[in-house]
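Q: Hey, can you walk me through this one? I'd like to start with what's on the inside.
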Amino acid sequence: MATDLHSPLPKSATDLFGDPIEDSHPLWLNPSKFTDAEFDPESYISDLRTFVPFDTLRSELRSHLGALKHELVELINRDYVDFVSLSTKLVDVEAAVVRMRAPLLEIKEKILDFRGSVDISLAALQSRLKQRSQANEAREVLELLLDTFHVVSKVEKLIKELPSVPADWSSGNMSSTEKGQLSNGISFQHSENGTSLRETQSMLLERIASEMNRLKFYITHAQNMPFVENMVKRIQNASLLLDSSLGHCFADGLEHRDENAIYNCLRAYAAIDKTSSAEEIFRSAVVAPFIQKIISHGSTGSVNGSSGDELEQDYERIKQHIEDDCKFLLEISFTENSGLHVFSFLANSILKEVLSAIQKGKPGAFSPGRPVEFLKNYKSSLGFLDYLEGYCPSRSAVAKLREETVYIDFMKQWNTGVYFSLRFQEIAGALDSALTTTTLLRSQNSSNQEYSQSLALKQSISLMDCLRSCWRDDVLVLSCSDKFLRLFLQLLSRYSNWLSAGLNARKTGNASGNEWAISAAPNDFLYIIHDINWLVDEVCGDYLGHVLELLKSCSPEVRDLVKQGILQGGNSLKVLQPLLINSIVETLVEKSVEDLRQLKGITATYRMTNKPLPVRHSPYVSAVLRPLKAFLEAEQAATYLTKDLRKELVHGAAFEITRRYYELASDLVSVARKTESSLQKIRLGAQRRAGASSDVSDHNVSDTDKICMQLLLDIQEYGRNLASLGVDAADIPTYRSLWQCVAPSDKQNTISF
């Protein structure tokens, strides 16, 4: 049998040359999965075939099959004696099975019988439990209906007791005998102890309200039931009677300022969730009368000392009335742990009536068309709201007040967006009008004495006025501070662009809209430089601190961003200073070049003449730096030109004038040398034709040497003039080039004056 298990199998390379069979499985073949209960041969083979060739897979499976058969043979051979004796031990097995079958069948029958009885008992138990559940539900409904009926009856009974209280109880005290008796025999123990009948009535109303609250709960759980629907009319009548009685009691308590009665009435209103009714009664009975006296509906002109649409005096009088007539109720409603925090008398009674009165009596107060009056009324209103918030006992109460619909509607009446638009047109228009002039205007005749001593131009004064207007108390609205900051930066940008456009127009010669820049003199640019330096120091200094102080309620991050924005706006003006200095330099250089052009006459002076070598400088040299000196010695330069600015301007002008000097002189010398070379060639040709010797050298000084000598004397004088201005000519590269251009060979490297 063991030999039959050995079927010839093809041997793989692993069998011949590799490791033993049990260790030869590749990594992708896991025989342990074959024994899993959920093993599926087809899916396993299909998965392996995606990355293993079919022949390789078949070879490995056959190798594994051979290994299993080999292992089985080894197990049989090892336990062969036990395997052979197994058949001898299995004797009379069928008889044993027959003997065990009978008791097993008997046990099975008993189990089936017991299971049947259990099923019957279970069904009966479930049926009884269902009946019990239905009975409980019916009992709950019945109890609910009975409770509803009892509560309705109780409410009706308590309401019937209310009319039994004499009407004159609310206006006076009664004797102890009268307090101890009622027409229906009810005794009020609290009245016997000195408690007012008004308080007793309010306590009874609070009790009724509590029962009505229970009744609402029962009705909610007993909807669509005929029994309850039949009582709807009774419930509605009871609710109306309660509302009416509670309203009269609350109004009577307000009239006599009975704190206990008011407290009980408020708890009653809170119990039946009709806080709006109490707020409306307080509004109409207490708030409306004094509000209408202060702000009369349909009023025009002066009303009780308040002129026009101004609200400041009205708010002051309203605050006084609130202190006198409303404070007691507000203190009751804000009593700690009283449950009366659901009321909002500040918003729905006081603020609502104030808003209505202003809308009817002074609608112009909300109009941003008159910015000055609008801002005054707006700030007065914010102060009034702060006063109302002062009655709130906690931050959560303040937050609740600000979330009220009336509060939000009140704030919506103040159209700060339109107000800012009008202020924008006013402020930006003023600056634009000042910048559209065709000339720069001095500040001596300015009506603004505050800045006329510090700023030189009216345009700069107008800018500073506009910048300050953005943050003035009579202009700024803190809720629009972001818009005013943007306007502030736009004003700086507009002034900067105006200067930049003017400088570009002066450079290109296009005067369209920038006539002031074309006609501006160097002193005008000096005024501009002085003004922008003063503006930058002011904006980035004290005024920046003033703005940050106004925004102290903002977070540090916001204030840092504001500071960076203003500093950047100031720097946008500062970067214009080099351009303005260049404009001054260019103007002065052009004037100097007009005198420099006279050096062209040097050629005519020494060409084809027998004049000796020059010994003194030309007259034009003294006039070259005259425009610069005149500018520096003028009163404006002494007043507005700082030491550093003067040095920068002198060096810039000196370098540029010297560059132009070098260009003219080098062209002159170059032309002279070319002309002399041509004449020399002509002279030599004539000598050859005449038969004269060409070896005779001319020991006379050439015209070019005379011209260069004259230029050398001129630039020496020019260097001395530069030194008088504090400029060392030897430090100017173009001056050194000019010296090397005209100096003789023995003086090329030595500059001396």
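Q: Which residues touch the most other members of the largest nonpolar core?
A: This is a predicted model, to be clear. In its largest nonpolar core, which has 173 residues, those are Phe 250, Leu 266, Phe 282, Ile 318, Ile 322, Ile 350 and Tyr 661.

Q: Let's zoom in on Phe 282. What does it touch?
A: Leaving out residues up to four places away in sequence, Phe 282 touches Phe 250, Leu 254, Val 287, Cys 326, Leu 329, Phe 345, Ser 349 and Ile 350.

Q: Cys 326 is on that list. Is it buried or exposed?
A: Cys 326 counts as buried because its relative accessible area is 0%, and the cut-off is under 20%.

Q: What about Cys 554, then?
A: Cys 554 has a relative accessible area of 28%, so it falls in the partly exposed range.

Q: How many disulfides are there?
A: The count is 0 disulfides.

Q: OK, new topic. How many helices and strands are in the chain?
A: The chain has 33 helices and 0 strands.

Q: How much of the chain is buried?
A: Of the 753 residues, 39% are buried.

Q: And the surface, how much of that belongs to carbon and sulfur atoms?
A: The accessible surface is about 42600 Å², and carbon and sulfur atoms account for 52% of it.

Q: Last one: what share of the contacts join residues at least 24 apart?
A: Counting contacts between residues at least 6 apart in sequence, it's 75%.

Key
Residues numbered from 1 in each chain as written. Predicted model: local features only at pLDDT ≥ 70, side-chain atom pairs only at ≥ 80, totals over all residues. Heavy atoms only, no water. Core = buried A, V, L, I, M, F, W, Y, C linked by side-chain atoms within 4.5 Å. Buried < 20%, exposed > 50% of the residue type's maximum accessible area, 1.4 Å probe, protein only. Contact = heavy atoms within 4.5 Å. Helix = DSSP H or I, 4+ residues; strand = E, 2+ residues; numbered from the N terminus. Areas by Shrake-Rupley, 256 points an atom, 1.4 Å probe, with all protein chains shown as cover. Disulfide = S-S within 2.5 Å.
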